[in-house]
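Hi everyone, thanks for making the time. I'd like to walk you through a structure today, so please have a look at it on the screen first.

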Amino acid sequence: MIRARNIRKRAALAATSTGLALALLSGCGDGKGSPAADTLATTSAGPSVADTPPSVPTTDPAPAPPTSAPTPPPAPTRSADPTPTATPTTAPSPVRTTSRPPSRPSTAPPVVTPTPRPSTPAPTRALTTAPPAGGASSLWGGQYQGTTRVTVQLYDYCSLNGARRPAGSQTYSMPTTLTVTRPREAGGLRENNPFALLLSVGQPTQTGAFTLGTSAAVAASAGQLLLTYWQLSWDNGNLRGQLTDTHAREAAALNLVNWATLLVPCRPELGTLPGGMPHSVAVGASLSGQLTAAGTSLTAKGSSDDGLVEFAFEFSGSR
């Protein structure tokens with residue numbers, strides 16, 4: 001028994017000596033003092049709770065037997081790989097390049113073609129047709145002098161919405177000449193009126209002057225061209241007539257009213273153009289009254305083609 005006690009003492013002493021030796025070897029030369037005390041404390045402290053291995057159960061719980069056999073998943077079916085089909089491709093057509101730059105879009109406003117005013121075909125007849133019989137031929141070559149009293153209603157387009165509005169009126173008198181000739185002939189045609197008339201109220205360049213004519217012969221590439229403006233009827237001194245064609249499309253307007261034109265539209269305080277401006281008389285103007293070998297008394301009514309002037313006048317003259 002004493003012997004066994006001595007053996008345990010020797011074993012403890014040997015373990016302590018071995019720990020000191022190991023501590024000296026591991027701590028030698030690090031300059032931080034001797035770690036012997038730490039090694040001794042570790043060796044003599046005995047095992048800690050953290051060093052105790054966990055207890056292992058003696059028996060493992062048996063797994064619960066499955067109630068039924070699991071159904072195996074269906075085997076995936078492999079679809080047949082599609083057979084690749086070669087798709088023929090067409091090479092793109094070569095694009096021809098050009099050295100010209102792309103054309104710029106046009107900014108010019110579209111050209112608007114004015115619609116001509118409807119007019120009655122000019123009355124004419126072939127030269128083989130005899131002139132009208134009766135007393136109308138007795139008036140050919142006559143000239144009547146007198147005075148015309150004119151009333152003019154003026155308009156402008158200076159309202160806020162651009163609509164036509166009255167711009168004043170004037171009444172005045174002018175010396176007048178009426179010339180009556182045989183029906184005009186040109187280009188193998190004759191005017192289909194009992195006579196040709198030319199009524200001149202004032203001088204053509206005078207503001208407020210009028211010129212009314214039933215026909216004219218103008219030069220053309222193939223010779224003279226007959227233009228008829230009025231359609232007249234005369235019966236035993238009673239005259240009626242209507243303007244049926246202005247011939248403005250041929251740039252041959254003959255029936256005109258000469259009126260003052262503003263230098264700047266809608267600014268009358270800035271003055272007017274000297275001498276006035278001719279305005280074409282619109283289709284539909286009328287002429288009526290008495291025309292005999294002794295004298296005449298006629299009334300005319302109408303307006304300008306631009307709607308700026310409406311007129312009515314009475315002419316009295318003698319031959």
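I'll go from the overall fold to the core, then the cavity and pocket, and then the salt bridges and one loop.

A word on how the values were made. This is a predicted model, in which local features need pLDDT of at least 70 and side-chain atom pairs count only at pLDDT 80 or more, while totals for chains, interfaces and linings use all residues. Residues are numbered from 1 along each chain as its sequence is written, and side-chain values use heavy atoms, with hydrogens and water left out.

Let's start with the overall picture. The protein has two helices and 16 strands; helices here are DSSP runs of H or I with at least four residues, strands are runs of E with at least two, and both are numbered from the N terminus. Of its 319 residues, 25% count as buried. For accessibility, buried means under 20% relative accessible area, exposed means over 50%, and partly exposed is in between, with a 1.4 Å probe and protein chains only. Contacts mean heavy atoms within 4.5 Å. Among contacts with a separation of 6 or more, 58% are between residues 24 or more positions apart.

Now the core. In soluble globular proteins, nonpolar side chains tend to be buried together. A nonpolar core, for us, is a set of buried Ala, Val, Leu, Ile, Met, Phe, Trp, Tyr and Cys residues joined through side-chain atoms within 4.5 Å. The largest one here has 36 residues, and the members touching the most others are Leu 178, Phe 195, Leu 197, Leu 291 and Phe 313. What does Phe 195 contact, leaving aside neighbours within four places in sequence? Its partners include Ala 136, Leu 139, Trp 140, Val 180, Leu 232, Trp 234 and Leu 291.

Everything sits on a 1 Å grid over the protein atoms alone: a cavity is a set of points where a 1.4 Å probe fits but cannot get out, a pocket is an open set with protein on both sides within 12 Å along at least five of seven lines, and lining residues have an atom within 4 Å of a point. Grid points are joined across faces, edges and corners, and a volume is the space filled by probe spheres set on the points.

How many cavities of 30 Å³ or more does that rule give? The count is one, and the largest cavity holds about 50 Å³. By class, the lining has seven nonpolar, two polar and no charged residues. For the classes, Ala, Val, Leu, Ile, Met, Phe, Trp, Tyr, Cys and Pro count as nonpolar, Asp, Glu, Lys and Arg as charged, and the others, Gly among them, as polar.

The largest pocket has about 550 Å³ of space. Of the 19 residues that line it, Tyr 155, Asp 156, Ala 260, Leu 262 and Leu 308 are the closest to its centre. β2 (143-156) and β3 (165-181) each supply at least two lining residues. The lining has 13 nonpolar, four polar and two charged residues.

The whole structure has six of them. Asp 156 pairs with Arg 165, with the closest N and O atoms 2.8 Å apart. Asp 156 is buried at 18% relative accessible area, while Arg 165 is partly exposed at 36%. Arg 267 and Glu 269 also meet, at 2.3 Å from N to O; Arg 267 is partly exposed at 38% and Glu 269 is exposed at 55%.

Then there is a network linking Asp 245, Arg 249 and Glu 250. Within it, the closest N and O atoms of Arg 249 and Asp 245 are 3.2 Å apart. Is each of these two buried or exposed? Asp 245 is buried at 3%, and Arg 249 is exposed at 56%.

Last stop: the loop between β11 (238-243) and β12 (256-259), where His 247 is found. His 247 is buried at 4%, and beyond its sequence neighbours within four places it contacts Leu 227, Thr 228, Tyr 229, Ala 252 and Ala 253. Leu 254 lies in that loop between β11 and β12 too, and is partly exposed at 22%. Leu 254 and Thr 211 are 43 residues apart in sequence, yet 7.1 Å apart C-alpha to C-alpha. Not counting residues up to four places away, Leu 254 touches Thr 211, Gly 213, Ser 215, Ala 216, Tyr 229 and Thr 246.

Conventions:
A salt bridge is a side-chain nitrogen of Lys or Arg within 4 Å of a carboxyl oxygen of Asp or Glu.
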